[in-house]
Amino acid sequence: MKKKTALKVTALIFGILFLVVIGVGLYIFNDIRNTANQMYEPLGDRQGSSPIRETEIQEGEPISILLAGVDHTPGREEDVVGRSDSIIVMTLNPVERSTKMLSIPRDTRVNIVGRGTTEKINHAHAYGGAEMLINTIEEAFDIPIDHYAGINMEGFTRLIDAFNGVEVYNDLSFTMDGSQFPEGTISLDGEEALKYTRMRYDDPRGDAGRANRQRDVIEALMNEAASLSSITKAGDILDVLGSTVRTDLALGDMWSYQSDYIDALDQVDQIEVNYTGQTIDGLWYAIVNDEEKARVRDEMRSHLDL
């Protein structure tokens, strides 16, 4: 387990929304409320905390949130809703002042709950949206998911452009989809940042290298958000969030959670799932054995005080 100081791509939406609220306050309160209403998408029969919990969450108790980066591929029939390109389960414990972020490999072979097939876990969102993905994660890892937030990866590029780009330090020179990324400090617009965070095949570190680049971009964005002073820019950011983010958290929930759980971000630990690669029927899968699932389950549930 490695301690990290930056959140992954989908965690960004909470931080930026809260920073916008703090930065420009009541001047654009109505815009914030309208954006929250656009983002709000309840989870069918699931209301409040996860049904696999034995008791309801009380105010200030640890909670979990699924963060999903959704990558819609036009023309692929099952991608009407979009596959989840990034899957992160985040637990927040305000008493311990700590957050754990579990990154689940998108190629993990699991039973897709509600479909009756064994496939890659990122297919669940394409078939049945956030609810099917949540149910699949809960069955596979036995970790309660209380809330979720998802962002379309197109929104990721628009969000960066709303901040007029970001600046990062690149430790590996490479070319991706016609764009060149030299070693050193570079400036990225939205489209370039998306390419920068997606490259993995030319990186000897593979997915680990891609994850590092994602964190670099998110860190740069968080720094931009922290210095937000322009009401006009805040409006642009809210437009992006409203059109590309979906969450079961209403504005009142987000407002309350912001004050209740902000201290949990004092320490952010990232947990990676160990797996082996296996090709089955011509497709490559990440195979997570029962011992590893138990290790991950115990650590996350312990952080939730379960």
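**Figure 1. Salt bridge between D269 and K100 in the predicted model.** D269 pairs with K100 in a salt bridge, and their closest N and O atoms are 3.8 Å apart. D269 belongs to strand β13 (residues 268-272) and K100 to strand β4 (residues 98-103), so the pair ties together parts that are 169 residues apart in sequence. D269 is buried, with a relative accessible area of 3%. K100 is also buried, at 12%. The structure as a predicted model holds 12 salt bridges.

**Figure 2. Salt bridge between R295 and E292 in helix α9****.** The closest N and O atoms of R295 and E292 are 2.7 Å apart. The two residues are three positions apart in helix α9 (residues 290-303), about one helical turn. R295 is partly exposed at 34% relative accessibility, whereas E292 is buried at 8%. A network of salt bridges links R295 and E292 with K100, D269 and E299.

**Figure 3. Salt bridge between K195 and E191 in helix α5****.** The side chains of K195 and E191 meet at an N to O distance of 3.7 Å. Both residues lie in helix α5 (residues 190-198), four residues apart, or about one turn of the helix. K195 counts as buried, with 14% relative accessibility. E191 is exposed, with a relative accessible area of 54%.

**Figure 4. Pairing of strands β2 and β7****.** Strand β2 (residues 63-71) is mostly covered, with eight of its nine residues buried. Strands β2 and β7 (residues 147-152) run parallel and are joined by six bridges. In this pairing, I65 stands opposite H147 of β7.

Key. Residues numbered from 1 in each chain as written. Predicted model: local features only at pLDDT ≥ 70, side-chain atom pairs only at ≥ 80, totals over all residues. Heavy atoms only, no water. Buried < 20%, exposed > 50% of the residue type's maximum accessible area, 1.4 Å probe, protein only. Pairing = 2+ DSSP bridges. Salt bridge = Lys/Arg side-chain N within 4 Å of Asp/Glu carboxyl O.
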